[in-house]
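Please brief me on the local architecture of this model.

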Amino acid sequence: MSAQASFSRRSIFCLVVLVVVLSACSATAYGLWRLRAERIDHQLEAAAMTARAFENHLTQSLNVIERSLMSLAIEGVAPASLSQALRHAPYLRSVAVLDTEERIARSTDPRNLGIRLPRADFRPEAARPLDVLRAGPVVSGRDFYDASPVGASAPVVSFIPVARDVRLDDAHWMTVVASVNTDYFLNFYGAHISPEQGVVELRGYDGRLLLSTDENALPGSLRPGDDLPIRLAATEVGQFEEQGADGRAMLTAYRASRAYPFVLSVRFDKERVLAVWHQEALRTATIVGAVLLVALTLAGLYFMRFERLAREREAERARLRIAAIAFESQEGMVVTNEDVEVLQVNKAFTAITGFRAEEVIGQYMNFMKSGMHDADFYAALRTSLASTGAWSGEILNKHRDGSIHPHFLTITAVYGDDGRTTHYVGTLTDITERKRAEIDLRIAAIAFESQEGMFIADADRVILKVNRAFTEITGYGEDEAIGQTPRLLRSGRHDNEFYAGMYASLETTGTWQGEIWNRRKSGEIFPEWLTITVVRDTAGRISHYVSALTDITLRKEAEYEIKNLAFYDPLTRLPNRRLLLDRLKHVLATLGRSQRQGALLFIDLDNFKTLNDSFGHDMGDLLLQHVAQRLSACVRESDTVARLGGDEFVVLLDDLRPGRQDAATQARIVADKIQQNLDEPYDLAGHDYRCTPSIGITLIVDADCSCEDLMKRADLALYGAKAAGRDTIRFFDPEMQEAVSSRAALEKDLRIGLQEQQFLLYYQPQVDDRGSVIGAEALVRWRHPSLGLVAPGTFIPLAEETGLILPLGQWVLETACRQLACWAAVPGREHIEIAVNVSVRQFHQPDFVAQVEDVLARTAADPRRLKLELTESLMLDDLEEVIAKMAALRSRGIRFSLDDFGTGYSSLAYLRRLPLDQLKIDKAFVHDLQVNPNDAVIARSIVALARNLGLNVIAEGVETSEQHQFLVRQGCPAYQGYLFSAPLPIDEFERFLGGWNVSSIIRQRA
């Protein structure tokens, strides 16, 4: 109740004071406002009266000027009359008369003569003479002779041009002009109103400024936001408040001329007008404020004395209530007398210690002694109470059940009026849980500094803390890691999906563990076992991540070593039998899903036992290591080279071409390569040693065949190779063996044929659209001693695979160039050119350009008669190299033809870039021209394409006159085919040239 009474008293006092102050302030403010309004109204009336007086003066002056100009026109315009009129008009600087061309004909100032004053410069505008006084804009200068438009600032000297048209009779007018001195009006206005009081302005009806007593005003300008033209439309006389261009408030009165289109305005500075009012208002407010302040001070002093007495009574009662509330707080409290006998305990004391109030009241405080503190502890406690009147600290006390708990105890002495201790008040808190938490924190700190690397990150995965083991494992110090994210350790071996799965597991299960590759500060990538645990707050949100990592490099190395021992031969580091069988099973499993085939090669070193017996097992082991290296170099990375034991090796070829014949051919090529490489001498500790291999091959073409069966077949094939005399190759399949043997024999014959010059060139003529033989294509033929003439389709692919195409292509090129040199010396045949086919393998030789140049130099052939035919497959590899070589040869005069165009990798992009001279329409498109409309369209398109690209074109395979006529109609310029001639040896080709007649030949073929 007392608190409410105190609040009520203060509220009533404040309300009364507020009412008194507001009433006094309101009355004072109203009086001052009335004085201010009266002052403003008075000043506006004064401005209106001044504007009226100035308007009368302006109208009278302009009336006098107009009458003077009319008198001059009526009475005559002799120079004496002009000068006489000027003496009676001090507000004019000059008077002049205009001629019919609007130029000054006569003037009181001779300098004005001849100056043109256009009628359009005067207002109001009129195309014909007007019987009124008209005025022009303010002009800078003293008179018409030096008049110029007003610039960006107010002119020092200016005048207003005026004109009066006067009717002399029905057909004649005279225009009299004068320059009105602006200083006359400005001096008149300035004599009545000083610049400090206000501004007088003369404006046109459109609001443009003509004159102003403000030196900074610019004649001819419009004031931004000026509403004077709007007010003039409503009334020609008025007064109002406005905002000046400089932001000052102005009191303005305006008045329009009664007879002329001018408006006079008088503007007084509102702040200057109210300056006296401001002084009066300040003086009045000061007096009222001082009176209110004295009255409020006296009232406040009286109320404060009254309130202090009431507050002291309330404070005493409040202290008693607070003490009662504090005694029933959550902390245990006990009150004793000066002899430390318990007088009172609160409920919290009972809850903490288990002692009921009736059990402890009247007892000394030693009933809680635990016996864990010595006499010195209690002596120090009593000394502190005696000296300072207080003690606080941790103490071990005994509860009612006999258990000992740590408490935080605070004892405070209570003194009487005489300064002697009357009571002790003790406050205790059970800190058992806090002590346990401290122990847990110490344990956690010790665990954090374990041998396992650890780091803690916040919810944004920013590292907050790392332990010493983390630094030792990663190389990053605490200052380098804190503030970074775990991205600092990323090795780049894991993709985004790996980390997405990790964080998804953390989000759903709260933990993730697994093997991960990270990067040390040194850049070394190492494996680690990482465990991440999520810490969530009370709302279930992730607050921290705790990560523990262990370097498992040694473990991985051990696992790798174990794996090597289990799957790899320790001597050669090649896969052993176990790993070979596993990969063989994989090949068999994938064989059914694809059309690709495989092969198994068993390799045994001939006479290996002799080496061991002669030089020892160390030398034999060294040979096995060399053999392992050479075998690995002979196969692809996807293939497998294994050692079964002793001197037995196995090669597993995977992903061979479909078809038994093709797969067998590939396997034989690899076996030949292995045999050739293993036949090379070995350097065994300074000793040259030769060792030949025997190789058995079986194809993997049946997915149902077991690994054991395949191993047996390859082993049987190996026995067959050894039975055949060693250093040889045998297939398990007799048919394949026969086919491969036939191919091997053909390859051998091919090599012999190159050595014994069994090859010769045939020439097939090329004819232009006029029937002339323009060249020939050189086509190689093989004259085999037992097989007869072998077609190119039989031996060219074999030459490509074995590399024999290189010497064969070199021979063809040189033979063709020698023939060119021969024809160059025969009249009538020097124009014939020879087209030579160049294989992809031949063209891609690094020194191909040099080879061609060397052949041209040795044969003295004209390079302009040599044409190299390339196929589209050449463009599949390194197009830039192809372009560079073609450009180098083309600079020598050699031309290029693109053979078989449209049958392979046709691309307009490389056509645009390649330095080609000719496109060759493949015979596949020519053969069915009459029966297949698509072939006809393709042939027609190739001819059009070549023409648009600026290339020549030739069609091969032309065998009928119908094909020839169709190509002629399409504009094809050259042809080649059996319609003209089959490929001929050189002597028959010479005879063909001698008896060539295109008409008869075509009729014979038709």
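## Sheet, helices and burial

Five strands form an open sheet in the order S18-S17-S21-S20-S19, with antiparallel pairing. This is a predicted model: local features need pLDDT of at least 70, side-chain atom pairs count only at pLDDT 80 or more, and totals for chains, interfaces and linings use all residues. Residues are numbered from 1 along each chain as its sequence is written, and side-chain values use heavy atoms, with hydrogens and water left out.

**The five-stranded sheet**

- The edges are strand S18 (463–466) and strand S19 (511–519), each of which pairs on one side only.
- Two strands pair if DSSP finds at least two bridges between them.
- Helices (H or I, at least four residues) and strands (E, at least two) are DSSP runs, numbered from the N terminus.
- Neighbouring strands of this sheet are turned by 25° against each other on average, direction ignored.
- S19 pairs with strand S20 (residues 525–536) in the antiparallel sense, over nine bridges.
- Trp517 stands opposite Pro527 in S20.
- Helix H13 (residues 496–509) lies across S19, S20 and strand S21 (542–551). H13 runs at about 155° to S19.
- Axes are lines fitted to C-alpha atoms, for helices over the stretch in contact, and angles run from 0 to 180 degrees between N-to-C directions.

- Strand S7 (residues 198–204) and strand S8 (residues 209–212) run antiparallel, joined by three bridges.
- Glu201 has Ser212 in S8 as its bridge partner.
- Four residues lie between the strands of this hairpin, and Gly207 takes a positive phi near 90°.

**Helix pair H24 and H25**

- The axes of helix H24 (residues 848–859) and helix H25 (residues 879–890) come within 10 Å and cross at roughly 20°.
- H24 and H25 are therefore roughly parallel to each other. Angles under 35 degrees count as roughly parallel, over 145 as roughly antiparallel, 65 to 115 as roughly perpendicular and the rest as oblique.
- Phe848, Val849 and Val852 of H24 make the contact with Lys885, Ala888 and Leu889 of H25. Contact means heavy atoms within 4.5 Å.
- The residues of this contact divide into five nonpolar, no polar and one charged.
- Ala, Val, Leu, Ile, Met, Phe, Trp, Tyr, Cys and Pro count as nonpolar; Asp, Glu, Lys and Arg as charged; the others, Gly among them, as polar.

**Helix pair H16 and H17**

- Helix H16 (residues 608–615) packs on helix H17 (residues 617–634) at an angle of about 140°, with the axes 6 Å apart.
- That angle makes H16 oblique to H17.
- From H16, Phe608, Leu611, Asn612 and Phe615 meet His617, Met619, Gly620, Leu623 and Leu624 in H17.
- This contact divides into six nonpolar residues, three polar and no charged.

- Helix H29 (residues 961–969) has Ser961, Gln963, His964, Phe966 and Leu967 buried. Buried means under 20% relative accessible area, exposed over 50%, partly exposed in between (1.4 Å probe, protein chains only).
- Ala721 is found in helix H19 (residues 707–723). Ala721 counts as buried because its relative accessibility is 0%.
- Not counting residues up to four places away in sequence, Ala721 touches Ser694, Ile695, Arg726, Thr728 and Arg730.
- Ala721 and Phe731 are 10 residues apart in sequence and 8.5 Å apart in space, C-alpha to C-alpha.
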